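Here are some notes for a colleague who is opening this structure without having seen it before. Please keep the sequence and the view side by side while going through the points.

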Amino acid sequence: MGTVVISPEELREELADKKIHLLDVRWALGDPDGPQHYLDGHIPGAVFVDLETELAAAPSPARGRHPLPDPGAFEKCARSWGLGAGEPVVVYDATSGMAAARAWWLLRWAGVDDVRILDGGLPAWIAAGGELATGAEADPVSGDLVIRPGSLPVIDADAASNWSGVLLDARAGERYRGEVEPVDPKAGHIPGAISAPTTENLDDTGRFRTPEELRARFAEFGEGQVAVYCGSGVTAAHQIAALAIAGIPAALYPGSWSQWSNDPKRLVATGA
């Protein structure tokens, strides 16, 4: 899947030499103020991307809280960000890539090859001496990107229920075990899934662990084709990015627990 991440230092060097599309994807569950965070300070030239409206279709119990967007609508959004064929893209947030990875995954799914996650996000950029701009940027010139949806694999609930490989649950362990459930109607996990919290893909500085460390981590979960889900298909994309760094392809279950837990036909497991 090519290079997944870029360091702040590498980004500063590349920005000096060529045009890179910067997408600011600041979003967190329970924090609706991403647009204001962007206005308060962002990497110069970055375009704000709204995860709820541009990186997802409208939520529903039948499809989950963050269904994949309609391809035509997503292409229109990508063009509004200025994206064109063959042009490099870097996505970032302020939460170690947990939200930005959704944009990374969607663009890769849409056939965009040159897209990377800023490792460590905006805090790492600031720590490395990167400049910030405030207020709104000028609207970018509309791009001409033509997307090719389906360039990364996805599975649905039926496939998740019958998955013969390794099905990873990227949520926090207490949600997997069913001890708490702050958002969705049922607590627990998909039967047969393995708890693999996304946060454990990161080191103490909030950057991705090395490829060797990530390979060792994922080897502990067993062998076979890998699929990933989370609460609504957002942090699962971060897990898929970590797997890609380790050289392991993986499919995404976009509906994730928010879809599964709303379907009375689906079994629910609890405990470790």
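1. I begin with D184, which touches R65, R175, G231, W257, S258 and S261 when residues up to four places away in sequence are not counted. Please keep in mind that the model is predicted, as this applies to every point below. D184 is placed in the loop between α8 (173-177) and β7 (194-195), and its side chain makes a polar contact with the side chain of R65, at 3.0 Å. Is D184 buried or exposed? With a relative accessible area of 8%, D184 is buried, because the cut-off for that word is under 20%.

2. Leaving aside residues up to four places away in sequence, N262 touches P61 and P185. As for a distance across the model, the C-alpha atoms of N262 and A85 are separated by 39 Å, and these two residues are 177 residues apart along the chain.

3. Helix α11 itself deserves a look at S256, which lies in that helix and is buried, with a relative accessible area of 0%. The phi of S256 is near 50°, a positive value in a residue other than glycine. Most residues other than glycine have a negative phi, so a reader may wish to look at this position in the view.

4. Another positive phi in a residue other than glycine is that of S96, where the value is near 60°. S96 is found in the loop between β4 and α5 (100-109), and at 19% relative accessibility this residue counts as buried, because the limit is under 20%.

5. Turning to the helices, why can α10 be described as largely enclosed by the rest of the structure? The reason is that 10 of the 11 residues of this helix, which covers residues 235-245, are buried. Among the buried residues are A236, H238, Q239, L243 and I245. After α10 comes G247, whose phi is positive and near 85°.

6. Helix α1, which covers residues 8-17, has P8, L11 and E14 as its buried residues. Seen down the axis of α1, these residues fall within an arc of 125°, so they line one face of the helix. On the other side of α1, E13, A16 and D17 are exposed. The buried residues of α1 pack against the strands β1 (5-6), β2 (21-24), β4 (89-92) and β5 (115-118), and also against helix α6 (121-127).

7. Finally, the aromatic rings: how many aromatic pairs does a search of the whole structure find? The search finds 5 aromatic pairs. One of them is formed by F74 and W81, which are arranged edge-to-face, with 5.9 Å from centre to centre and 75° between the planes. Both F74 and W81 are buried. A further ring to inspect is that of W260, over which the charged end of R266 sits, 5.2 Å from the ring centre.

Methods
Residues numbered from 1 in each chain as written. Predicted model: local features only at pLDDT ≥ 70, side-chain atom pairs only at ≥ 80, totals over all residues. Heavy atoms only, no water. Contact = heavy atoms within 4.5 Å. Buried < 20%, exposed > 50% of the residue type's maximum accessible area, 1.4 Å probe, protein only. Helix = DSSP H or I, 4+ residues; strand = E, 2+ residues; numbered from the N terminus. Phe/Tyr/Trp six-rings, centres within 6.5 Å; stacked < 30°, edge-to-face > 60°. Lys NZ or Arg CZ within 6 Å of the ring centre and 35° of its normal. Polar contact = N/O pair within 3.5 Å; in protein donor to acceptor, adjacent residues only side chain to side chain. Arc of directions from axis to C-beta.
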